[in-house]
Amino acid sequence: MKELPVRNAVRTLREKRGLTQKELAAEVEVTRQTIGLIEANRYNPTIALCLGLAEILDTDLDTLFWVEEE
Amino acid sequence: MYNDERIRRTNEAITSRAFAILSWGLTALLIYRIFFLEQVLSDYVDIFALWLLANAYVAVGTTWGGVQPFGGRPWNLLLVPSIIAIVNVIAVINRGTPTVAEVLFTFVVAFGTAALVLAGFRALYRLWEKRNLS
């Protein structure tokens with residue numbers, strides 16, 4: 001199965017809330033590097049982590065993650 | 001944070017590749033010992049036991065994890081045992097000049113054993129389906 005080009009608004013929403021990567025990482029219990037890779041669209045998190053991020057960033061999954069149209 | 005899913009996934013992927021390298025290495029070593037050095041089972045039983053144990057662990061683990069053996073294609077029930085039987089026949093012929101009966105016996109025993117093992121894995125998969133998908 002072809003991997004979908006998943007994009008996200010983690011960086012935008014994190015900065016909007018004045019959080020650093022380290023602070024957000026601590027909230028969802030992952031490393032700062034994982035948050036960095038998610039923001040760079042180089043790592044697709046599991047649905048559990050997506051939900052955790054959505055909760056911390058006070059948004060829903062559709063706003064936070066989407067598949068880029070080719 | 002050791003519970004980081006990305007780190008866990010990366011570790012799993014790397015150790016899985018490392019296992020594949022070791023597994024294929026052991027397979028190559030067994031082929032070399034059986035076909036080129038023409039050794040008997042007692043000469044390589046330690047490597048064979050390790051190879052069998054590791055592959056049995058993977059086969060049982062993946063089947064019980066909901067992965068159908070050999071993709072669940074029905075023709076594999078004939079193809080896989082046939083390949084195993086042919087390899088065994090080649091190994092027997094390679095060691096000397098067996099009689100037709102010996103060749104036939106080797107083929108039937110190898111084919112039957114492989115088919116039984118494969119049927120066992122299919123039964124294990126059906127059990128997994130029954131427990132998890134009903």
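Across the interface of chain B and chain A of this predicted model, eight residue pairs, both at pLDDT 80 or more, are found in polar contact, a term that denotes a pair of N or O atoms within 3.5 Å, where within protein one must be able to donate a hydrogen and the other to accept it, and where residues adjacent in sequence count only if both atoms are side-chain atoms. By class, the side of chain B that touches chain A has two nonpolar, no polar and four charged residues, with Ala, Val, Leu, Ile, Met, Phe, Trp, Tyr, Cys and Pro counted as nonpolar, Asp, Glu, Lys and Arg as charged, and the others, Gly among them, as polar. Six residues of chain B are in contact (heavy atoms within 4.5 Å) with 12 residues of chain A. The area buried between the two chains, that is, the accessible area (1.4 Å probe) lost on putting them together, summed over both, is about 780 Å², and carbon and sulfur atoms give 52% of it.

Between chain B and chain A the count of salt bridges is zero, a salt bridge being a side-chain nitrogen of Lys or Arg within 4 Å of a carboxyl oxygen of Asp or Glu. Over all chains, however, the structure holds six. In one of them the side chains of Arg11(A) and Glu15(A) meet at 4.0 Å, N to O; both residues lie in helix H1 (residues 10-16) of chain A, four residues apart, about one turn of the helix.

Helices H1 (5-36), H2 (41-64), H3 (76-95) and H4 (100-132) of chain B each give two or more residues to the lining, and H2(B) gives the most, with 11 residues. The lining divides into 33 nonpolar, 13 polar and one charged residue.

One cavity of 30 Å³ or more is counted, a cavity being a set of points where a 1.4 Å probe fits but cannot get out. The largest cavity has a volume of about 40 Å³, and its lining includes Pro69(B), Phe70(B) and Arg122(B).

Residues are numbered from 1 along each chain as its sequence is written, and chains are lettered from A and ligands numbered from 1 in the order in which they are written. Local features need pLDDT of at least 70 and side-chain atom pairs count only at pLDDT 80 or more, whereas totals for chains, interfaces and linings use all residues, and side-chain values use heavy atoms, with hydrogens and water left out.

Notes: On a 1 Å grid over the protein atoms alone, a cavity is a set of points where a 1.4 Å probe fits but cannot get out, and a pocket is an open set with protein on both sides within 12 Å along at least five of seven lines; lining residues have an atom within 4 Å of a point. Grid points are joined across faces, edges and corners, and a volume is the space filled by probe spheres set on the points.
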